[in-house]
Structures are given as structure tokens and as C-alpha cells.
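Subject: Structure handover

Hello,

Here is the structure for your files. My notes on it follow below.

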Amino acid sequence: MVKNKEFRDDFEKLEVELYKQDPKLAELCFKDELQEYNKTGDIKYLMIQLKTMAKAFGWTNLEKKTGLRRSTLYSILEGKKNQN
């Protein structure tokens, strides 16, 4: 895990831009994280992936796809609600 916050922020911005340019890449990355979650039960990286996708494609799109309200999504993705 990278400890330098500035580097992580820059990487996230790059990842968001890549997803905007190539939605198929975003889909593949999400599926990969979902598979990893199914193997390990560790939800941390899946949540990071969802948050990045929300930034790339918009919170409204994530609301529509999940059927959850934005405030609920924020809470879940910030770790303020139990994801189980």
C-alpha cells in the first residue's frame, strides 16, 4: 500500500481519467476486484474500486445502478455503515 497521500491522489485522478476514456477497462477492473472479494472476503479494495467508478461516471449513475440513495452510498463507501 502506498503511504504517500499525494501519490495516491494523483494515481486516483489518473485512474478516473482512464475509466472515463475506456469504460470497458473500468468494467474489467471492477470484475477483477469483485472476484478477489469473492475469494478473500476482503471488501476494502472493492469499495475503493466503487468509489473510483463513482468519481469517473458520477454518483447519479451509481445511484441508478444500485437503487441506493446518494447519502447511503457516501456512508457505505466512507465506511460509516456496515457493508454486510
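**Contacts, fold and cores**

Of the contacts in the protein chain with a separation of 6 or more, 44% are between residues 24 or more positions apart; contact means heavy atoms within 4.5 Å. This is a predicted model, in which local features need pLDDT of at least 70 and side-chain atom pairs count only at pLDDT 80 or more, while totals for chains, interfaces and linings use all residues. Residues are numbered from 1 along each chain as its sequence is written, and side-chain values use heavy atoms, with hydrogens and water left out.

The protein chain has five helices and zero strands, in the order α-α-α-α-α along the sequence. Helices (H or I, at least four residues) and strands (E, at least two) are DSSP runs, numbered from the N terminus. The radius of gyration is 13 Å, close to the 12 Å from the globule rule for 84 residues, so the chain is as compact as a globular protein of that length. That radius is taken over C-alpha atoms, and the rule is 2.2 Å times the number of residues to the power 0.38. Along the principal axes, the C-alpha atoms fill a box of roughly 30 × 25 × 25 Å.

Of the 84 residues, 21% are buried (buried is under 20% relative accessible area, exposed over 50%, partly exposed in between; 1.4 Å probe, protein chains only). In soluble globular proteins, nonpolar side chains tend to be buried together. A nonpolar core here is a set of buried Ala, Val, Leu, Ile, Met, Phe, Trp, Tyr and Cys residues joined through side-chain atoms within 4.5 Å. The largest one has seven residues: Met47, Ala54, Trp59, Leu62, Leu73, Ile76 and Leu77. Helices α3 (44–57), α4 (59–66) and α5 (70–77) each give two or more residues to this core, and α5 has the largest share, with three. A second, separate core has five residues, among them Val16, Tyr19, Met53 and Ala56.

Beyond its neighbours within four places in sequence, Leu62 is in contact with Leu50, Ala54, Leu73 and Leu77.

Lys44 lies in helix α3 and is partly exposed, at 43% relative accessible area. Lys44 and Glu27 are 17 residues apart in sequence, and their C-alpha atoms are 18 Å apart in space.

Regards
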